[in-house]
Amino acid sequence: MNILVVRFRQMGDAILATSLLNTLRHNFPEAQIHFVLNEKIAPLFQGHPSIDKIITFAEEERHNFVHYLRRVWEIVHHTHYDVIIDMRSTANTMLFARFSPHTPYRIGVKKSYTRLAFNHMIPPCGKKSMVEHDVSFSSPLNAIKPIEPVKEFSLHITEEEKEAFGAYLRQQGINLKKPIMLANVTAKLASKVWDEDRMVWVLQQFMQEYPNYQIIFNYAPGQEAENALRVYKKLGCPLKVFIDVQARSSRELVAMGYYISLFFGNEGGARHIMHATGCPSFVICAPANSKTVWIPQNSIPAEGISPADLATSADLAKMNNEQQYALISQEEVWNRLKDFIRRTQDNSQLK
């Protein structure tokens, strides 16, 4: 059986989509599974046991419509696919199914125009978990055999990559025998960053309560680096905070995840990577982001706090982004974080 899964989008979406790939591999171990991705995030998925072939599109290919049409046509006519799963189901992505009308299972999202391409459609995600939504794309295959869903999303690196990053951490002065927190103190978009001074206060409480922890800041170059340095200085530049430890690629961030005991901070793509490596996480969610959708529940402890926990939807509708964020007090975050750590420690799930 040949299966084509079309994802595209950003890193976090693609990481969560591995739950579908893992479901397909578990139920059809002999299948050839091909995964369509944006070129810039493809290295993160190299060597994944649930992917046999990664098909990439560069940005210029996706925005040159004639070239894009040709590539899609070539892909679906080079390999006879028994199943095409279009996880986005846009006017552009549904061309994979449109160009392969004889594929028995053409699966996409139910929209007003998608019946032109798909013979099996699933409801939009809505407010349910993104992982549950992703795994539901396999449900039409119950006609072949009863499908056992796999809610675990995962990433894969080699032992050599993991060991090399461990050596780097030791060179930077990190004691790998002590717990490490990865702190997401900033984000790419200002609308997804909780109040900086409140973040500083929570980190101060954490360092006082858990003196054995070492802390690494996660940030990208540019404005994020400036923000992280400012937080570091507000903390007083403590020795237990390692401001210069950096993952230079997405694969190195995966390698780092195997040494991290706890992820804390603003919710984002890095949290998905840590979750995929088995790291517990507690995050502050942006007002526009749903906890239910973006913090999937599986065997890895993952929780968060959002404005929706603290006000009704009617009240939130009257507030702007800043006002909604202001509902999340530093004391509330600290108390919930402490409780999360206690419960994960009690269950021996904190690394």
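Helix α6 (residues 159–171) packs against helix α9 at an angle of about 75 degrees, their axes lying 9 Å apart. This makes α6 roughly perpendicular to α9, a class that covers 65 to 115 degrees, with angles under 35 degrees counted as roughly parallel, over 145 as roughly antiparallel and the rest as oblique. Axes are lines fitted to C-alpha atoms, for helices over the stretch in contact, and angles run from 0 to 180 degrees between N-to-C directions. Helices (H or I, at least four residues) and strands (E, at least two) are DSSP runs numbered from the N terminus.

The model is predicted, with local features requiring pLDDT of at least 70 and side-chain atom pairs counting only at pLDDT 80 or more, while totals for chains, interfaces and linings use all residues. Residues are numbered from 1 along each chain as its sequence is written, and side-chain values use heavy atoms, with hydrogens and water left out.

In the contact of α6 with α9 (heavy atoms within 4.5 Å), E161, K162 and F165 of α6 meet R251, E252, A255 and M256 of α9. These residues divide into three nonpolar, no polar and four charged; Ala, Val, Leu, Ile, Met, Phe, Trp, Tyr, Cys and Pro count as nonpolar, Asp, Glu, Lys and Arg as charged, and the others, Gly among them, as polar.

Helix α9 (residues 250–257) also packs against helix α10 (residues 269–276), with axes that come within 8 Å and cross at roughly 50 degrees. α9 is therefore oblique to α10. On the α9 side S250, L253, V254 and G257 take part, and on the α10 side A270, I273 and M274. This contact comprises five nonpolar, two polar and no charged residues.

| Helix pair | Angle | Axis distance |
|---|---|---|
| α6 and α9 | about 75 degrees | 9 Å |
| α9 and α10 | roughly 50 degrees | within 8 Å |

An open sheet of six strands runs in the order β9-β8-β7-β10-β11-β12 with parallel pairing, where two strands pair if DSSP finds at least two bridges between them. Because β9 (241–242) and β12 (302–305) each have a single partner strand, these edge strands are left without a neighbour on one side. Strand β7 (residues 180–184) and strand β10 (residues 262–266) are joined in the parallel sense over four bridges, and M181 stands opposite L262 in β10.
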